[in-house]
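Biologist: I have not looked at this one before. Can you put it on screen and walk me through the inside?

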Amino acid sequence: MTMKRVPFTGGEKESLQVSLDRHRDAVLWKLDGLDDEQLRRPMTPSGTSLLGLVKHLASVEYGWFCTTFGRESEPLWFDPFKEEDMTVADNESTTDIVEFYGRARAAADLAIADLDLDTLGTSWSGNTVSMRWVLIHMLEDTVRHAGHMDILRELIDGATGDHPDAA
């Protein structure tokens with residue numbers, strides 16, 4: 001996996017999306033080389049696990065990029081409003097969760113490509129938000145959780161860094 005770099009002279013939309021992709025890739029890289037038990041292992045008193053964070057990020061990508069703008073989204077089999085997106089059930093495989101994240105990213109990328117930054121949508125809370133705001137919000141959320149994942153990964157096996165060539 002090659003680390004993506006935000007273009008030094010890129011446009012606003014391109015720069016935001018490349019930055020988001022860079023951290024999305026870091027999220028997936030944090031899973032590399034770990035077994036299923038390690039990926040599911042609750043590492044905090046609240047039960048946070050690496051795989052639970054990936055499931056959460058997938059659900060919020062669908063919610064913010066698709067539902068907000070009235071775009072197609074796959075039906076969720078859990079209730080994110082009850083924080084069921086932060087836990088991984090025994091019948092949910094690592095492959096299922098990683099593929100779910102991939103589909104959510106692809107659906108979000110289509111929305112980003114199709115909509116202008118000034119396009120307005122309605123969030124789950126009823127607020128009117130722009131695609132620009134959603135991109136910034138998802139960048140913030142993804143970076144925040146990638147940081148959590150960095151700490152969890154270090155606690156599991158000592159690995160650190162945000163991308164393979166940064167390790």
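**Rings and core**

Modeller: Keep in mind that this is a predicted model. Ring pairs join Y62, W77, F78 and F100 into a cluster.

Biologist: How many aromatic pairs does the count come to?

Modeller: Six aromatic pairs. One of them is Y62 with F100, a tilted pair with 5.8 Å centre to centre and 35° between the planes.

Biologist: Which helices do Y62 and F100 lie in?

Modeller: Y62 is in helix α3 and F100 is in helix α4, so the pair ties together parts 38 residues apart in sequence.

Biologist: Are Y62 and F100 buried or exposed?

Modeller: Both Y62 and F100 are buried. W77 and F78 also form a pair, edge-to-face, at 5.0 Å centre to centre with 85° between the planes. There, F78 is buried with a relative accessible area of 9%, whereas W77 is partly exposed at 43%.

Biologist: What sits over the ring of F78?

Modeller: The charged end of K55, 4.5 Å from the ring centre.

Biologist: Change of topic. How many residues are in the largest nonpolar core?

Modeller: That core has 40 residues, and L50, F65, M131 and L135 have the most contacts inside it. Helices α1 (12-29), α3 (50-66), α4 (94-114) and α5 (131-157) each supply at least two of its residues.

Biologist: Which helix gives the largest share of this core?

Modeller: α3, with eleven residues.

Biologist: And what does L135 touch?

Modeller: Leaving out residues up to four places away in sequence, L135 touches L16, Q17, L20, F65, I112 and L117.

Definitions and conventions: Residues numbered from 1 in each chain as written. Predicted model: local features only at pLDDT ≥ 70, side-chain atom pairs only at ≥ 80, totals over all residues. Heavy atoms only, no water. Core = buried A, V, L, I, M, F, W, Y, C linked by side-chain atoms within 4.5 Å. Buried < 20%, exposed > 50% of the residue type's maximum accessible area, 1.4 Å probe, protein only. Helix = DSSP H or I, 4+ residues; strand = E, 2+ residues; numbered from the N terminus. Contact = heavy atoms within 4.5 Å. Phe/Tyr/Trp six-rings, centres within 6.5 Å; stacked < 30°, edge-to-face > 60°. Lys NZ or Arg CZ within 6 Å of the ring centre and 35° of its normal.
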